[in-house]
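Morning, everyone. Please look at the structure on the screen while I talk. I'll take the pockets, then the ligand, then the backbone.

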Amino acid sequence: DARGAVRRDLMGRELLITAGGTREDLDPVRYLANHSSGRQGWALAHAALARGARVRLIAANVELETPPGALRLDVGSAAELAALVAEHRGQVDALVMAAAVADFTAAERSDSKIKKDESAGDDSEAVPVLALRRTQDILRLSVLERTEAGSGRPVIVGFAAETGGGGSSALDLARQKARRKGADLLVFNDITAGVFGATDNSVRILDRGGEELARAEGSKTLVAHAVLDELLPALPEVP
Ligand code: CTP
Ligand code: CA
């Protein structure tokens, strides 16, 4: 740990952490995916365990060794991830959505391998058009479900990797996203310079109004502890 001695300030708490990136099958051999390595989610799991928490770690296509002590559950697609989060979120004190979830999946998965010539017909230049549909927004749904239940549990943390665009800065987009999603915390990562798979990270932690609570720059471990530091006061008192 970068800060030396670790406080056991998450004793008695249970966290559900999602990590990695989902894969959406197109046919038996191909999928749509993203560049998420799972390292930030892993760092969060290690940090939370070190601080005394119990951790359920939902891993979407992560090739990293399971943090000792974590309950690891593996998933492939966004739909599988959504189902597991729905099953577990009512049983934990905090939900940390570090996974990169596909926004779109194949409208129809082909049971057989998509063939080049069949999709092109007689025209050797033609290409198939992939029909997509939207996936569930797990973070948004988790916030909605909590509101409907009239409960403050679990505390919900989202992540947003943004590049600016369309006249908006990355930070502006993150602030808007914080307000739109309604999570208690949104961890904003400016990826204009690229960060996936990197060991170092630079984030701002926003509240649900888009206001900055903290900044962290350095290892993913350091960032993980900074996120947990902000999560801690949002947790209800231990009875
Ligand atoms: N997320 C989710 N379910 C999805 C997509 C995203 O729970 N189907 C979560 C991610 O795990 C992350 C947060 O929402 O914690 C923000 O993800 P992001 O992709 O930045 O947000 P989107 O609303 O999908 O917006 P964008 O158009 O920028 O992709
Ligand atoms: Ca997205």
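Strand β9 gives the most to the lining of the largest pocket: four residues. Helices (H or I, at least four residues) and strands (E, at least two) are DSSP runs, numbered from the N terminus.

Now the ground rules. This is a predicted model, so local features need pLDDT of at least 70 and side-chain atom pairs count only at pLDDT 80 or more, while totals for chains, interfaces and linings use all residues. Residues are numbered from 1 along each chain as its sequence is written, chains are lettered from A and ligands numbered from 1 in the order in which they are written, and side-chain values use heavy atoms, with hydrogens and water left out.

What is a pocket here? On a 1 Å grid over the protein atoms alone, it is an open set of points where a 1.4 Å probe fits, with protein on both sides within 12 Å along at least five of seven lines; lining residues have an atom within 4 Å of a point. Rolling a probe the size of a water molecule over the atoms shows where empty space is left.

The largest pocket has a volume of about 1200 Å³. Volume means the space filled by probe spheres set on the points, which are joined across faces, edges and corners. It has 43 lining residues, and A99, A100, V101, D103 and F159 are the closest to its centre. By class, that lining has 20 nonpolar, 14 polar and nine charged residues. Ala, Val, Leu, Ile, Met, Phe, Trp, Tyr, Cys and Pro count as nonpolar, Asp, Glu, Lys and Arg as charged, and the others, Gly among them, as polar.

What takes up the space of the largest pocket? Ligand 1 does. To sit in a pocket, a molecule needs more than half of its atoms within 2 Å of the grid points.

Around ligand 1 there are 15 residues, and M97, A99, Q136, L139 and K177 come nearest. Near means a heavy atom within 4 Å. Strand β9 has the largest share of this shell, with three residues. The shell has eight nonpolar, three polar and four charged residues.

Next, polar contacts: pairs of N or O atoms within 3.5 Å. K177 places a polar side-chain atom 2.6 Å from an oxygen of ligand 1. For D103, also with a polar side-chain atom, the distance to a ligand oxygen is 3.0 Å. F159 uses a backbone N or O atom, 2.9 Å from an oxygen of ligand 1. The protein covers 76% of the 570 Å² of accessible area (Shrake-Rupley, 1.4 Å probe) that ligand 1 has on its own.

The second largest pocket holds about 210 Å³. Its lining has 12 residues, with E108, I114, V129, L130 and A131 nearest its centre.

Last, the backbone. Most residues other than glycine have a negative phi, and most peptide bonds are trans. R153 and P154 are joined by a cis peptide bond, omega about -5°. P154 lies in the loop between α4 and β9. N61 has a positive phi, near 60°. N61 is in the loop between β4 and β5.

Definitions and conventions. Polar contact = N/O pair within 3.5 Å; in protein donor to acceptor, adjacent residues only side chain to side chain.
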